Protein chains: 2
Amino acid sequence: MQFHDLKTIAEQEIIPGYKARFVHGENITLAFWEVESGAELPEHDHHHEQIANVLEGKFELIVDGNSQILEPGQSVVIPAHVPHAGKAITYCRLFDVFHPSRDDYR
Amino acid sequence: MQFHDLKTIAEQEIIPGYKARFVHGENITLAFWEVESGAELPEHDHHHEQIANVLEGKFELIVDGNSQILEPGQSVVIPAHVPHAGKAITYCRLFDVFHPSRDDYR
């Protein structure tokens, strides 16, 4: 088995205010984020399907121009190639799931 | 966007003591579990790759005969077809990620 402990995974600041720890499988990547209050995620897209989830805080996610405020226990499925952006309304802990794996972050 | 709120997703007791709420994408399924203390997960396997994660509690995961006690912030990657079993040491909240999607639970 491949065991991972977030405490021992190096944090990477992917964009300003967005720090991630990644767990990679063969075909799935899990990204655990800590996000500073107010930090903005510029619009982007990728060929990976994504499911975005909030563990703590409030996060505004804008998918293809539609805004949704996400709180803990809420999830959004973002299909491949669909542009999305976001903003941390508060300090947030988020996690994203990607398929295929994010080899750009291995 | 496909927005999901766990509070409005029907809970399914998949095996005794294991209640799940599923969020399905096209190629990924997320399963959020509430597990009763002491509940046992019989050994099984499937063609889906899986990443198991603990949000709350202590869970013993046995992958291909190797036991690991998982706590919050710890994850295990279970490759496709590898047999695994488990037991909730305490009440647990877990989440699993699967690829391909769990069409058997749609």
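1. Two strands are taken as paired if DSSP finds at least two bridges between them; strands (E, at least two residues) are DSSP runs, numbered from the N terminus. By that rule, chain B holds an open sheet of four strands in the order β5-β10-β7-β8, with antiparallel pairing. Its edge strands, β5 (40-44) and β8 (66-70) of chain B, each pair on one side only.

2. This is a predicted model, in which local features need pLDDT of at least 70 and side-chain atom pairs count only at pLDDT 80 or more, while totals for chains, interfaces and linings use all residues. Residues are numbered from 1 along each chain as its sequence is written, chains are lettered from A, and side-chain values use heavy atoms, with hydrogens and water left out.

3. Within the sheet, β5(B) is joined by three bridges to the antiparallel strand β10 (residues 84-88) of chain B. B:L41 has B:G86 in β10(B) as its bridge partner.

4. Contact means heavy atoms within 4.5 Å, and 33 residues of chain A are in contact with 33 residues of chain B. The copies meet through the same surface, because 100% of the interface residues of chain A are also interface residues in chain B.

5. For salt bridges (a side-chain nitrogen of Lys or Arg within 4 Å of a carboxyl oxygen of Asp or Glu), the count across the interface of chain A and chain B is zero.
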